[in-house]
Amino acid sequence: MMVWLDLLKPVMKQIRRPKHVVVKFVVKFFPPDHAQLQEELTRYLFALQVKQDLAQGRLTCNDTSTALLISHIVQSEIGDFDENIDREHLAKNKYIPQQEALEDKIMEFHRNHMGQTPAESDFQLLEIARRLEMYGIRLHPAKDREGTKINLAVANTGILVFQGHTKINAFNWAKVRKLSFKRKRFLIKLRPDVNSSFQDTLEFLMASRDFCKSFWKICVEHHAFFRLFEEPKPKPKPVLFSRGSSFRFSGRTQKQVLDYVKEGGHKKVQFERKHSKIRSIRSLTTQPSEQHTEVPKQSSSFAYGDDNDAAAVQSCRQGKELKASTEDTGQHKSPSLKKSPKEGRKVDGAVVSTVEEEEEASKDRIQQNRPQSQQPSTAGSLTGSPHLSELSINSQGGPSVVNMSLSPNLSPDAKQSSPLISPLLNDPSCIRTEEEEEVRRKRFPTEKAYFIAKEVATTERTYLKDLEVITSWFQSAVSKEDCMPETLKNLIFSNFEPLHKFHTGFLKEIEQRLALWEGRSNAHIKGDYQRIGDVMLKNIQSMKQLTIHLWKHNEILMELENGIKNSRKLETFCRDFELQKVCYLPLNTFLLRPLHRLMHYKQIMERLCKHYPPAHVDFRDSRAALAEISEMVAQLHGNMIKMENFQKLHELKKDLIGIDNLVIPGREFIRLGSLSKLSGKGLQQRMFFLFNDILLYTSRGLTASNQFKVHGHLPLYGMTIEESEEEWGVPHCLTLRGQQQSIIVAASTRSEMDKWTEDIQMAIDLAEKSSGPAPELLASSPPDNKSPDETTVDQESEDDLSASRTSLERQSPHRGNTTVHVCWHRNTSVSMIDFSIAVENQLSGNLLRKFKNSNGWQKLWVVFTNFCMFFYKSHQDNHPLASLPLLGYSLTIPSESENIHKDYVFKLHFKSHVYYFRAESEYTFERWMEVIRSATSSASRTRALSHKEPHAY
């Protein structure tokens with residue numbers, strides 16, 4: 001039987017027969033989100049636990065998952081793939097029973113991990129393991145009332161019931177009222193069901209009273225650790241008689257651990273990977289120092305942020321009939337740590353410190369960390385911050401609480417560790433000291449060409465994920481629903497799958513080249529690999545063979561929209577798919593991604609050729625690659641312009657109600673934005689949509705669909721526009737006089753008024769040159785310019801307006817964070833020129849982010865597209881956890897008074913919302929500033945066209 005030592009009691013009082021006891025450090029509490037394990041050492045220890053569970057058959061899964069797990073273990077131990085070394089290593093090391101049958105599959109997976117560091121391998125191992133049903137499960141044999149053999153287990157969510165290795169029932173903590181045991185019977189009292197008045201009590205029979213009490217203690221500890229705010233206080237001892245057990249959980253709860261890490265109470269520990277032939281990133285980037293000479297007391301580095309009470313604990317095995325502990329005594333699984341001046345007592349090779357020593361070390365650690373106030377903590381929760389109103393947590397438009405199952409009792413205002421924290425790919429700690437930062441900069445290449453090549457890789461990762469939205473997620477959803485004609489299926493997927501296959505190989509080549517460039521690969525290859533032009537030239541030349549698929553995208557877009565128009569079932573299916581988290585942009589936007597990607601290649605090669613001197617070894621290949629991609633862009637550019645306009649019209653159609661024929665041949669979108677319309681009730685906020693033949697004005701009602709209701713339209717043929725500030729006494733006021741109707745509108749600023757004036761005048765000129773007035777709009781509501789709902793919308797209460805402006809998210813079946821909604825809330829406008837510039841200014845990569853009132857920098861994977869920053873834990877994630885629309889934001893560099901003493905930091909602020917972002921180099925800093933400036937400052941038509949080809953309006 002495996003039991004846990006009580007940290008508050010002397011060890012000798014708990015161990016009756018020391019000769020028959022083996023004390024081991026093993027994981028006790030398994031976090032549902034491994035991203036909260038912020039230290040590389042902690043993740044390494046958890047990875048060793050997963051490795052041990054695999055070997056002992058506790059972590060059961062299918063062959064593919066098993067092979068993938070082992071491939072990451074092999075990568076962390078011997079480095080990059082080499083067939084001979086792999087076979088020799090697998091022959092000497094048995095990770096699972098009957099491993100021989102999976103060796104080929106293991107090596108096949110290992111081949112794909114080129115350049116992956118041990119820290120990255122640990123992270124990937126935990127990412128896969130945590131998704132398995134048996135992750136962290138310790139089975140306890142029992143029987144139900146009918147005598148059927150079952151297994152009980154406890155996890156962060158509650159108590160689980162298994163039959164064999166199959167979960168058959170689960171009792172969440174929220175449903176459990178009381179846990180108790182009586183002799184061999186384990187009792188679960190559930191809370192009353194909503195539909196019944198009686199209380200349900202479940203009874204399970206275990207092998208003995210000791211087994212039953214042991215499992216009850218484990219359940220009590222799991223409930224306290226994952227559910228309580230703080231350590232429960234012990235009951236006062238009774239004077240005469242005691243009834244029941246006085247056992248209580250001792251140690252920090254999960255919330256206390258997270259707060260402890262946030263406050264910087266933990267200490268980084270130097271360690272060595274005993275089973276790895278390659279050194280860890282930390283051991284390469286930091287040198288041993290005086291402050292790291294202590295042994296981590298008890299379990300100080302096994303938990304979330306090196307907590308000494310929470311995760312790694314001791315298992316005690318008593319008697320011959322007792323079960324095996326979670327680690328094999330034949331192998332030394334714990335990392336090699338530097339010895340403390342105070343040696344703890346040893347029990348069969350395991351160091352066990354006394355409680356007094358532990359408390360003393362904890363006090364010393366806190367005192368040592370207090371002077372280091374400049375070292376930030378990884379605090380600053382995205383979901384718990386006051387800036388939530390500016391962040392769209394998911395694509396449905398509603399703010400969702402991320403990972404609240406970790407600590408359900410936390411209030412939304414509680415300062416908890418962010419679920420967006422992930423280990424750095426090049427430095428596993430989210431917090432770097434100045435010395436670590438300096439060492440890191442010396443280790444990695446610093447030349448501009450390297451960072452240009454890295455931009456190719458980071459943006460290619462995002463592009464591949466965008467292709468997978470179509471080739472994987474959309475195709476899978478379509479195959480389950482009989483809603484799309486076979487001809488349309490074949491048209492879409494037969495043209496996207498070759499692109500996905502090609503770019504998968506392209507990305508691997510780029511990442512392998514970067515690994516060689518950085519010196520991360522241990523592959524023994526000689527040659528000059530500090531260049532990227534040859535890889536780009538080779539793949540761009542191969543890409544030309546895929547042009548036939550790119551020409552089909554116009555047909556794909558039109559056929560899909562026609563299918564949606566003609567089939568209500570397909571329309572509903574596509575709308576539902578857009579509400580999935582993975583579809584973070586409008587569906588038809590993903591259909592244009594391959595054409596947009598060609599422009600990105602062209603821009604990157606232009607920057608590379610501009611950087612290289614003509615005599616550079618990579619200049620010739622780079623210039624040839626630029627010539628090849630420029631030719632492809634020139635051939636497809638005209639087609640892409642038409643497709644962008646077509647896509648934008650259909651996207652706007654989804655945001656509007658009261659109009660059925662928005663998309664007609666010859667109609668082109670020019671600008672959308674928020675203006676105030678002057679009426680008898682004063683200035684009322686309206687959303688205006690300007691096309692080359694007509695001007696629509698709408699309002700956003702408090703409806704379930706979040707769409708904009710068309711109130712009226714003005715044909716541009718015969719319209720005049722004039723400034724009328726003095727006439728009406730309203731700043732930035734314009735009068736639009738049509739042939740049948742005139743309206744007075746006001747912009748929020750002078751620059752907004754100038755943009756509208758310029759675009760409306762240009763649209764009027766285009767309408768005059770056309771054959772005549774625009775066709776009448778077919779409206780689904782009464783055709784008069786004054787909608788019956790006008791009064792209702794105009795009388796919208798101030799509270800409703802305030803509520804709608806403070807959050808871009810609403811629980812509704814319609815996407816609430818589109819560009820139209822952002823313009824409404826931020827009282828700004830966007831033109832088609834801005835959309836075209838935004839298409840060119842897309843960027844992906846890692847950034848460190850900091851809130852105004854927080855001390856910590858969090859490393860996030862950030863994708864910038866469609867005037868919005870999307871945040872991910874890592875680039876492997878399938879969908880963003882949060883988004884920040886940037887329209888209306890100001891982009892600046894922090895001032896001295898803000899005390900941001902870091903390089904390459906830029907600041908984003910809108911009203912009271914302030915965010916700081918930190919780039920890794922001067923080049924990436926300039927690139928992020930360039931692309932974000934394109935979204936935060938809308939260009940005027942004259943200035944935009946001065947450095948861009950004229951748009952075909």
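A salt bridge is a side-chain nitrogen of Lys or Arg within 4 Å of a carboxyl oxygen of Asp or Glu. In this structure, the side chains of Glu 651 and Lys 648 meet in such a salt bridge, at 3.1 Å from N to O. The model is a predicted one, in which local features need pLDDT of at least 70 and side-chain atom pairs count only at pLDDT 80 or more, while totals for chains, interfaces and linings use all residues. Residues are numbered from 1 along each chain as its sequence is written, and side-chain values use heavy atoms, with hydrogens and water left out.

**Salt bridges**

- A search of the whole structure finds 38 salt bridges.
- Side chains of opposite charge can pair when their charged atoms come close.
- Glu 651 and Lys 648 are three residues apart in helix α19 (residues 619-655), so about one helical turn separates them. Helices (H or I, at least four residues) and strands (E, at least two) are DSSP runs, numbered from the N terminus.
- Both Glu 651 and Lys 648 are buried. Buried means under 20% relative accessible area, exposed means over 50%, and partly exposed lies in between, with a 1.4 Å probe and protein chains only.
- Lys 92 and Glu 88 form a salt bridge through their side chains, at 3.2 Å from N to O. These residues sit four apart in helix α4 (residues 83-92), so they too are separated by about one helical turn.
- Lys 92 is exposed, with a relative accessible area of 64%, and Glu 88 is partly exposed, at 46%.
- A salt bridge also links the side chains of Glu 555 and Lys 552, at 3.6 Å from N to O. Glu 555 is partly exposed, with a relative accessible area of 37%, and Lys 552 is partly exposed at 33%.
- Salt bridges link Glu 455, Arg 607, Arg 927 and Glu 930 in a network.

**The sheet**

- Seven strands form an open sheet with antiparallel pairing, in the order β25-β24-β23-β22-β28-β27-β26. Two strands pair if DSSP finds at least two bridges between them.
- The edge strands, each pairing on one side only, are β25 (882-885) and β26 (890-892).
- From one strand to the next, the twist averages 35 degrees. Axes are lines fitted to C-alpha atoms, for helices over the stretch in contact, and angles run from 0 to 180 degrees between N-to-C directions.
- Strands β23 (residues 858-865) and β24 (residues 868-872) run antiparallel and are joined by five bridges. Thr 865 stands opposite Cys 868 in β24.
- Three bridges join β26 to β27, with Thr 892 partnered by Lys 907 in β27.
- β27 pairs with strand β28 (residues 913-918) in the antiparallel sense over six bridges; the bridge partner of Val 905 is Arg 918 in β28.
- The hairpin of β27 and β28 has two residues between the strands, and Lys 911 in the turn has a positive phi of about 55 degrees.
- β27 is mostly covered, with five of its six residues buried.

**Helices on the sheet**

- Helix α12 (residues 448-480) lies across β22 (843-851) and β23, at about 90 degrees to β22. Contact means heavy atoms within 4.5 Å.
- Helix α26 (residues 922-936) lies across β22, β23, β24, β26 and β27 (905-910), and runs at about 20 degrees to β27.
- The helices α12 and α26 pack at an angle of about 50 degrees, with their axes 9 Å apart.
- α12 and α26 are therefore oblique to each other. Angles under 35 degrees count as roughly parallel, over 145 as roughly antiparallel, 65 to 115 as roughly perpendicular and the rest as oblique.
- At this contact, Lys 448, Phe 451, Ile 452 and Glu 455 in α12 meet Tyr 923, Thr 924 and Arg 927 in α26.
- The residues of the contact of α12 with α26 divide into three nonpolar, one polar and three charged. Ala, Val, Leu, Ile, Met, Phe, Trp, Tyr, Cys and Pro count as nonpolar, Asp, Glu, Lys and Arg as charged, and the others, Gly among them, as polar.

**Two single residues**

- Lys 489 is in helix α13 (residues 486-518) and counts as buried at 15% relative accessibility.
- Leaving out residues up to four places away in sequence, Lys 489 touches Val 478, Met 484 and Ser 494.
- Trp 728 lies in helix α20 (residues 725-728) and is partly exposed at 40% relative accessibility.
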